[in-house]
Amino acid sequence: MDITILGIESSCDDTSIAIVQNRKILANVTANQKIHAEYGGVVPELASRAHQQNIVPTLDSALKKAGIKLKELSAIAFTSGPGLLGSLLVGTSFAKSLSLALGIPLIEVNHMQAHILAHLIEDPKQTNPDFPFLCLTVSGGHTQIVQVNSPYDMKLLGSTIDDAAGEAFDKAGKIMGLPYPAGPEIDRRAKLGNPKAFEFAKPRMPDLQFSFSGLKTSILYFLQKQMKENPEFIKENLNDLCASIQHSIVSILMDKLELASEQRAINRIAIAGGVSANSGLREALEKRQNTKDWELFLPSFEYTTDNGAMIAISGYYQYQKQNFADLSVVAAARKPLEA
């Protein structure tokens, strides 16, 4: 009998609903919120209001694309955290209502675990890793290295003590006057610049921990000093600056990932999260595929940013264990990777 899971993702500013049948995605529909670009970052109140407007039309589109009726669903999976509380509440309430109305199980999903489990989606555009594997999860809010022993057994090896890699990209871009989100624009310009043009401070963090606040401060002070001497410095060196900043961030990530691989003696390496779409990060990984003898697993681009498919596949695995939630389940802005 087929297991058909509807996955609802609403942890930040994207409303996404997907339908998975067994491990195949039948539909993965996302409504983006462009209004936040005007403010240079996500505004929580605006995000939650937009989710309320988008969630019903997104569900309708997903059902039509999948050719599935609500009565054919096996369960409703939803992101319960971590994320913006107001946004999470919209998805949580909607999932509870669907579960209650349809009389089918409710499954809560950890957002960070879901990013990793996107690697297990059956899709010709990506290869599924064997266990165990290491996953570097990099997004606007999180930077983590996780050892994945099974869909139900994940061990957090290291994470950021302050800002995430995605924040470093966006805040560096904001300093340089780039539009939000700055990550994709930095990536685009980095291809045209010299990654060794400028050097920035590299954090000295113990073991597998990350820190990006010092790097941001180094970039800020460097640019303030240069702009005093030449007000046109950023404009004249923008591509080189983007290339150098991207090189610095990617180097920090790669150093820790190499250390984790050596410590754990695991050469199956995966990446997840929005920043995993960054071309500089992917190129650095591909180079080490040869020099470090890594077996590399890169997610399909549609599964890198926040999406309903990763919630649906997580729900599929929880359904197999009959790991259901009741209507008392609550959303949580902070939620550890390991339960």
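So, α4 and α7 run roughly antiparallel to each other, because their angle is over 145 degrees, the cut-off for that label. The two helices pack at about 165°, and their axes lie 11 Å apart. Axes here are lines fitted to C-alpha atoms over the stretch in contact, and angles run from 0 to 180 degrees between N-to-C directions. Helices, by the way, are DSSP runs of H or I with at least four residues, strands are E runs of at least two, and both are numbered from the N terminus.

Quick note: this is a predicted model, where local features need pLDDT of at least 70 and side-chain atom pairs count only at pLDDT 80 or more, while totals for chains, interfaces and linings use all residues. Residues are numbered from 1 along each chain as its sequence is written, and side-chain values use heavy atoms, leaving out hydrogens and water.

Okay, which residues meet? From α4 we've got Ala165, Ala168, Phe169, Ala172 and Ile175, and they meet Ile234, Ile245, Gln246, Ile249 and Leu253 in α7. Contact means heavy atoms within 4.5 Å. That contact has 9 nonpolar residues, 1 polar and no charged.

Now the largest nonpolar core: 44 residues, with Leu136 and Met176 touching the most other members. A core is a set of buried Ala, Val, Leu, Ile, Met, Phe, Trp, Tyr and Cys residues joined through side-chain atoms within 4.5 Å, and buried means under 20% relative accessible area with a 1.4 Å probe, protein chains only. Which element gives the most? That's α7, with 13 residues.

Methods: Buried means under 20% relative accessible area, exposed over 50%, partly exposed in between (1.4 Å probe, protein chains only). Angles under 35 degrees count as roughly parallel, over 145 as roughly antiparallel, 65 to 115 as roughly perpendicular and the rest as oblique. Ala, Val, Leu, Ile, Met, Phe, Trp, Tyr, Cys and Pro count as nonpolar, Asp, Glu, Lys and Arg as charged, and the others, Gly among them, as polar.
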